[in-house]
Amino acid sequence: MKKKGWIQVIAAVAVWLGIWQILSVRINRTVFLPSLLEVGKALVQIGITEEFYLSIRNSLLHVLSGFLLAVTMGSLLAVFSYWNKWLFAFIQVPIKLIQATPVASFTMLALVWISSKYLSILVSFLMVLPTITIYIRQGLLETDSKLLEMALVYRMSFMQKIRYIYLPALLPYFLSACSVGVGMSWKSGIAAEVIGVARHSIGNQLYQAKLYLMTPELFAWTFVIIAVSITVEYSMMWAINRCRRRIEGRTKR
């Protein structure tokens with residue numbers, strides 16, 4: 001992002017924070033809308049506790065585990081269903097069901113089978129799986145048929161087709177799928193922790209803050225969720241883009 005773009009973003013954030021502060025002063029009820037100073041104090045207070053870092057670590061590990069499992073399983077399903085139309089017809093049913101079912105329903109059903117400790121892994125996995133599968137399969141379908149015909153004429157090996165034809169075609173779709181999926185997995189994972197009241201997690205901290213009407217702490221934890229989500233998304237996109245440049249560099253050799 002250019003310097004002018006950053007200035008515009010900072011200005012917009014400052015305006016909204018100003019509106020928040022004005023509304024807080026006008027309402028004058030911390031339980032409904034705390035001031036920026038009260039939220040800042042709450043953030044400092046929770047930030048010096050061991051539970052703060054333990055909760056962030058556990059939530060991150062569980063959500064990222066679910067996300068990576070979804071990327072692995074979704075990629076395999078996309079590839080196999082691309083080669084086998086019967087398999088695609090078979091997996092369409094659960095994929096549509098997963099897409100149509102709310103996070104809360106999945107969470108309540110999952111609590112019957114597994115411990116709340118692993119709930120966010122399962123929910124994150126289920127919420128991201130359809131996105132990864134659909135995007136990657138679409139990327140395979142959009143692969144240039146003329147390039148595939150050329151590969152057949154020149155008798156390119158299977159690995160050469162993957163390296164020079166399929167990978168370059170799939171990368172934009174994979175990048176888009178991960179960009180959408182990482183945010184989705186984080187939000188659904190935290191929601192699952194709130195419903196399941198998983199110990200030592202961000203979701204549990206949110207639930208406790210809401211239960212005891214600790215609104216400044218509730219806002220502080222919400223800020224933490226947003227900050228971690230943005231950090232994880234940008235870090236993952238940076239890593240994927242770096243891998244893409246390496247792959248593109250190799251395919252040009």
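Modeller: Let's begin with a definition: a helix here is a DSSP run of H or I at least four residues long, a strand is a run of E at least two long, and both are numbered from the N terminus. The model we are looking at is predicted.

Colleague: Thanks! What order do the elements of the protein follow from the N terminus on?

Modeller: They run α-α-α-α-α-α-α-α-α-α. The count is ten helices and zero strands.

Colleague: How many residues does the protein have, and what share of them count as buried?

Modeller: There are 253 residues, and 36% of them count as buried. Along its principal axes, the C-alpha trace spans about 75 × 50 × 30 Å. Also, if you take contacts between residues at least 6 apart in sequence, 73% of them join residues at least 24 apart.

Colleague: What makes H3 and H8 oblique?

Modeller: The axes of H3 and H8 cross at roughly 140° and come within 9 Å. Since roughly antiparallel needs over 145 degrees, H3 and H8 are therefore oblique to each other. H3 passes H8 in a right-handed crossing.

Colleague: And which residues of H3 take part?

Modeller: Ser-59, Leu-60, Val-63, Phe-67, Val-71, Tyr-82 and Trp-83 do, and on the H8 side their partners include Phe-174, Gly-181, Trp-186 and Glu-193. Sorted by class, the contact of H3 with H8 has twelve nonpolar, four polar and one charged residues.

Colleague: Val-71 is on that list. Why does Val-71 count as buried?

Modeller: Buried means under 20% relative accessible area. Val-71 has 12%, so it counts as buried. Val-71 is found in helix H3, residues 50–83. Leaving out residues up to four places away in sequence, Val-71 touches Ile-132 and Phe-174. Between the C-alpha atoms of Val-71 and Leu-211 there are 35 Å, and the two residues are 140 apart in sequence.

Colleague: What makes Thr-215 buried?

Modeller: Its relative accessible area is 7%, under the 20% limit, so Thr-215 is buried. Thr-215 is placed in helix H10. Not counting residues up to four places away in sequence, Thr-215 touches Thr-30, Val-31, Phe-32 and Pro-34.

Colleague: How do you know that Thr-215 makes a polar contact with Val-31?

Modeller: A polar atom of the Thr-215 side chain lies 2.7 Å from the backbone oxygen of Val-31. The limit for a polar contact is 3.5 Å, and 2.7 Å is within it.

Colleague: Let's turn to loops. Why is Leu-213 called exposed, whereas Val-197 is called partly exposed?

Modeller: Exposed means over 50%. Leu-213 is at 60%, so it counts as exposed. Val-197 has 30%, which is between the 20% and 50% limits, so Val-197 is partly exposed. Leu-213 is in the loop between H9 and helix H10 (215–251), while Val-197 is in the loop between helix H8 (158–196) and helix H9 (202–211).

Colleague: What phi values do these two residues have?

Modeller: Val-197 has a positive phi of about 50°, although it is not a glycine. Leu-213, also not a glycine, has a positive phi of about 55°.

Key:
Residues are numbered from 1 along each chain as its sequence is written. This is a predicted model: local features need pLDDT of at least 70, side-chain atom pairs count only at pLDDT 80 or more; totals for chains, interfaces and linings use all residues. Side-chain values use heavy atoms; hydrogens and water are left out. Buried means under 20% relative accessible area, exposed over 50%, partly exposed in between (1.4 Å probe, protein chains only). A polar contact is a pair of N or O atoms within 3.5 Å; within protein, one must be able to donate a hydrogen and the other to accept it, and residues adjacent in sequence count only if both atoms are side-chain atoms. Contact means heavy atoms within 4.5 Å. Axes are lines fitted to C-alpha atoms, for helices over the stretch in contact, and angles run from 0 to 180 degrees between N-to-C directions. Angles under 35 degrees count as roughly parallel, over 145 as roughly antiparallel, 65 to 115 as roughly perpendicular and the rest as oblique. A crossing is left-handed if the near helix is turned anticlockwise from the far one by less than a right angle, and right-handed if clockwise. Ala, Val, Leu, Ile, Met, Phe, Trp, Tyr, Cys and Pro count as nonpolar, Asp, Glu, Lys and Arg as charged, and the others, Gly among them, as polar.
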